[in-house]
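Hi,

Here is the structure I said I would pass on. Have a look at it first, and then read my notes below.

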Amino acid sequence: MAEQIYLTKEGYKELEARLLYLKSEGRVAVADKISVARSFGDISENSEYDAAREEEAILEQEIVEIENTLRNAKIITKARVNQEVVNVGATVKVHDKEFDEELTFKIIGSFESDPSKGLISNESPTGKALIGKSVGDSVSVEVPGTNSKITYTILDINY
């Protein structure tokens with residue numbers, strides 16, 4: 001069975017747009033490069049032709065990956081989750097006990113995650129620790145590559 005991939009509506013639409021671009025303009029551009037490279041003559045020793053074919057393979061691989069992602073995508077909506085606990089789609093405000101600061105994370109699918117923007121994957125150590133917890137709960141998250149842990153207290157959950 002294929003792994004379920006969580007996406008926001010916006011993320012789903014972005015992938016659809018990227019797929020459309022790759023199947024139309026992307027394929028045309030690569031085909032043009034292959035055609036130009038062929039015009040240089042003998043393709044057995046033609047580095048431009050080899051590079052264009054490699055670019056074509058990468059493009060086709062990305063198309064397949066996006067199609068699989070869209071096929072297995074589950075759109076994150078408010079109606080599908082218990083809003084009393086942290087789940088995919090939640091924006092969670094936490095208190096970091098060690099640094100005495102508040103942080104905000106949005107729990108999303110791994111495909112759209114960007115920790116530098118506070119968008120964390122449900123598969124990340126922090127995401128996994130927060131899933132299923134309620135306001136007031138404390139969670140400890142192991143810091144990868146160290147023997148230390150970060151402890152957060154959940155202050156607020158919004159969907």
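What covers the buried residues of α1? Keep in mind that this is a predicted model. The cover includes β1 (5-7) and α2 (47-71). As for which residues are buried there, the list is Gly11, Leu15, Leu19, Leu22, Gly26, Val30, Ile34 and Ala37.

The length still works out: at 1.5 Å a residue, the 30 residues of α1 (residues 9-38) should span 44 Å, and the end C-alpha atoms are 42 Å apart, which agrees.

Now to the sheet. Five strands make up an open sheet with mixed pairing, in the order β5-β4-β3-β7-β6. The edges are β5 (119-121) and β6; each has a single partner strand, so one side of each is left without a neighbour in the sheet. On average, neighbouring strands here are turned by 45° against each other, ignoring direction.

Strand β6 (residues 138-142) pairs with β7 (residues 149-158) in the antiparallel sense, over five bridges. Among the bridge partners, Ser138 goes with Thr153 of β7, and Val139 goes with Tyr152 of β7.

Between the two strands, the hairpin has six residues, and Gly145 takes a positive phi near 80°.

Cheers

Definitions and conventions: Residues numbered from 1 in each chain as written. Predicted model: local features only at pLDDT ≥ 70, side-chain atom pairs only at ≥ 80, totals over all residues. Heavy atoms only, no water. Helix = DSSP H or I, 4+ residues; strand = E, 2+ residues; numbered from the N terminus. Expected span 1.5 Å × (residues − 1). Buried < 20%, exposed > 50% of the residue type's maximum accessible area, 1.4 Å probe, protein only. Contact = heavy atoms within 4.5 Å. Pairing = 2+ DSSP bridges. Axes fitted to C-alpha atoms, helices over the stretch in contact; angles between N-to-C directions.
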